[in-house]
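Please look through the structure below.

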Amino acid sequence: MKPISIDIIEDNVDFLQSLCGVLKQNSHLNLVTWNSAEDFWANGQSREWDLLILDIGLPGMSGIDVLKTYHTIESRKSLVISALQTDDAIFSALRNGASGYIWKSELDSLPETIQTILEGGSVISPSIAAKVLLSFRKPPTISDPSGVEVLTPRERQILELIVEGDNPSQIASLFGTTVGTVRQQIKAIYKKLQVNTRVQMLKKARQFGIF
């Protein structure tokens, strides 16, 4: 059997040891570990690997930042193993290319999870699957009893991307449109949320439960 190369980015030393202990039971896995995303990018680019396993809540460069860059190459595969259970973390990871998202308490099924992902499948924890299904049942717009206009589905997507830290150029590239168009859509969001600054917009987004 051809050896499988796995890179792991995890800053928690104790959990990293537990994780490697589970994976080393399979002699066909070659493991390389990194304690930060910065170390991974600085030293890991000269080699190829089959799967990247990472946490989201990393010091410095976050796991989401890693995924955004890592998955610019479509064939790459990644698995998030995290303790973060917020909708924002989960959906950001999946939106940015993660093939799987499981909790740190779910290492028992890790070998099967890795095999599924390497074969082109996706794996998420049952509780995460429930969150995903629930999100599809939510209305695609937001409103306010005081009379704030609703956002269109595209405006909501743009607002969520701004919350995640994307700029107009990145959003334009994602949607295949122009920066000018995105700026006009942002202006529309400002108007509908009745705000004048980005800070006010993010505050209002929190009030609506967007993040």
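## Basis

This is a predicted model, in which local features need pLDDT of at least 70, side-chain atom pairs count only at pLDDT 80 or more, and totals for chains, interfaces and linings use all residues. Residues are numbered from 1 along each chain as its sequence is written, and side-chain values use heavy atoms, with hydrogens and water left out.

## Whole chain

The protein chain has 10 helices and 6 strands. These are DSSP runs, numbered from the N terminus: helices are H or I with at least four residues, strands E with at least two. Of the 211 residues, 42% are buried (under 20% relative accessible area, 1.4 Å probe, protein chains only).

## Aromatic pairs

The whole structure holds 5 aromatic pairs. Rings of Phe, Tyr and Trp (its six-membered ring) pair if their centres lie within 6.5 Å; planes under 30 degrees apart count as stacked, over 60 as edge-to-face and the rest as tilted.

Trp 34 and Phe 40 are edge-to-face, with 6.2 Å centre to centre and 75° between the planes. Both Trp 34 and Phe 40 are buried. Trp 49 and Tyr 70 are stacked, because their ring centres are 6.1 Å apart and their planes at 15°. Trp 49 lies in the loop between helix 2 (37–43) and strand 3 (51–54) and Tyr 70 in helix 3 (residues 63–70), so this pair ties together parts 21 residues apart in sequence. Trp 49 and Tyr 70 are both buried. One aromatic cluster is formed by Trp 34, Phe 40, Trp 41, Trp 49 and Tyr 70.

How values were computed. Buried < 20%, exposed > 50% of the residue type's maximum accessible area, 1.4 Å probe, protein only.
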